[in-house]
Amino acid sequence: MATGDPIVRHVVTFGRVLREVGLEVGPGRVIDGLRALDAVDLTRQEDVYFALRQTLVSRQDELDLFDRAFLAWFLRAPVIPPQRLVKPVPQLQRLADTLADKGSGEEVGGDDPLELGASGQELLREKDFGEMSADEFRRVRRLMLEIARRRPQRSSRRRTADPRGELLDMRRMIRKSLRTGGDAVDRAFRTRKRVPRKLVVLCDVSGSMDSYARALLLFLHAVVGSGSGVEAFAFGTRLSRLTPDLGTRDPEAALEKCTAAVVDWGSGTRIGASLKEFNDTWGKRALSRGAVVVVVSDGWEREDPALVGREMAKIGRAAYAVVWVNPLKGNPEYQPLAGGMRAALPHVDRFLAGHNLRSLEELAAVLAGIERRHAA
Amino acid sequence: MAFRTIDDLEHALRGADYLPDRGLSTALFLALALEKPLLLEGEAGVGKTEAAKSLATCLGARLIRLQCYEGLDVAHAVYEWNYPRQLLHIRAAQEGTVSEDELFGPEFLIRRPLLEAIDSEEPVVLLIDEIDRADEEFEAFLLEVLSDFQITIPELGTIRSRRRPAVILTSNRTRELHDALKRRALFHWIGHPSIEREIEIVRLRVPGIPERLAAEAAAFVRELRGLDLAKPPGVAETIDWAMALNALGRQEIDAEVVEQTLGSVLKYREDIEEVRDETLARLVDAARATAR
């Protein structure tokens, strides 16, 4: 097919349409699409549809966008053209601003917590996130990074050379034994590699958690940055997946993206419904299987607490261990009376506070050494 | 290329007792025509693995299957040296003057699925099953193999494929695959079949099943898929269940027999509980109405 060919023009333009609605359609895919069209009967609409879909799209959750674009473009069907979702303007912009170092002269070293002096740092450790100023907040950032690095581990089935290992490394041993006439004088060992355990964090960003959300998001950003195998979600009335957005190295940019991704900042809470959404779309894909699942929420459920219990039970069955972090627990007077919280507790392995830096340290220590409550 | 048109391939697949929908036929056809790996995703039990097997059958090709799991490494996927034989060989050469070249020659090589597929003289369908279970290191290695269709063994050199195997990858999406791998492959999402097709599949797979029973079983499973279940039944479950019903000598379904045999359709206790009692009676009625 030559470049002047109407089909080529059509497909190239269609590729552009798809890119505009947010699909990643590079030139390689467009070429594949053209090759595929070359191989099928162009008079059969169904074949043209599948040929393009199978070459241009590689994710199930993009199929719907593709379908709408295909209808609009090739069939000129009277459908609403697909549009990239325009996200509501960030209420969290304020947060992103306070986190940005720009213009405040912090680069000179002001955000180094060590420069606070020992007592200053101690105070900051104990201070409730809800009461911190933007300035104090900046200071705890680095401490958070350190905490986030401590991840739960498990042994992998992959093996690595280790002189103190327990498994014989036959390949290396045979090679070595050549020198000694076949006698394995030198033995070589391997051991199972330790790798970070999957970690899934579900963070409540509804109105009642507002004052903590920024700190916890920052913490999430640090955790996601600690390596692969971390999935982060936010929920209020519905669930948003934050992992790709938090993957941005720069915390300011990451938070901006998160703000755009979460549709219901500071709204009401539907914990049960959100957990159900998680179980239905992600739990079914075994995301939580063998993982440590951390739920961060005050447990104020607006709807039926029984649903919270049911969905937590599902999470508990799939997960290696379940941790619930509740900022309210920082208050010594606190009793888990909220319905959602009470319903969830039977399925929770560790119940922790998360209102200040000290409690996040505790969380990190728990995560690093967490043991499975239930066998099987 | 063995098939000139999608219709030809579809016809051949039917001959191999597999009833693909148009989308899957197109995907398999394009994988052959463009010589590209095909990534199949879809709920459990929609026939991803079966598609690869049937493709091999109707191509008259050998099916080589690599089942992925976490920790899968080169020694299990590509090749391994035969250590016991090597040791014996060193012993047998009394003086201990065995050279390394001799010891790491082809006769001491154990060939695993990927090497088998690359080095095969005969046509091959390579099924890389549940790639999402392998870890990312292995995925990166696989990407290399799938771009060059060659494998390097340090002791022996590089082995290139003389004829590219048809490659089918399946994934249950327990994790997102790497973009680079996805870019290299065609992608097809297999959904649940239409009810007409599912009836057809049941009648093909359960020989002698009464027409009415096949229709009601398929319709009932479709009702189940409309519920909010932990694990909605796939085609594989429909077939199992239809076999059970047929073995019981039923002509049609009723609440009682469904209750007795529910375990072959639903595999989770909470799903079975969800469907008991009045829900079950309602679903049976709905299914019987649809099948009429």
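A residue is called buried if 20 or more other C-beta atoms lie within 10 Å of its own, exposed if 12 or fewer do, and partly exposed in between, with C-beta atoms placed from the backbone. This is a predicted model, in which local features need pLDDT of at least 70 and side-chain atom pairs count only at pLDDT 80 or more, while totals for chains, interfaces and linings use all residues. Residues are numbered from 1 along each chain as its sequence is written, and chains are lettered from A and ligands numbered from 1 in the order in which they are written.

Chain B holds an open sheet of 5 strands in the order S2-S5-S8-S1-S9, with parallel pairing. Strands (E, at least two residues) and helices (H or I, at least four) are DSSP runs numbered from the N terminus, and two strands pair if DSSP finds at least two bridges between them. Strand S2 (62-67) and strand S9 (186-190) of chain B are the edges, each pairing on one side only. From one strand to the next, the twist averages 20°; angles run from 0 to 180 degrees between N-to-C directions, and axes are lines fitted to C-alpha atoms, for helices over the stretch in contact.

Now consider strand S5 (residues 124-129) of chain B, which runs parallel to S2(B) and is joined to it by 6 bridges. B:Leu63 has B:Val125 in S5(B) as its bridge partner, and B:Ile64 stands opposite B:Leu126. S5(B) also pairs with S8(B) in the parallel sense, over 4 bridges; here B:Ile128 is partnered by B:Leu169. Of the 6 residues in S5(B), 5 are buried.
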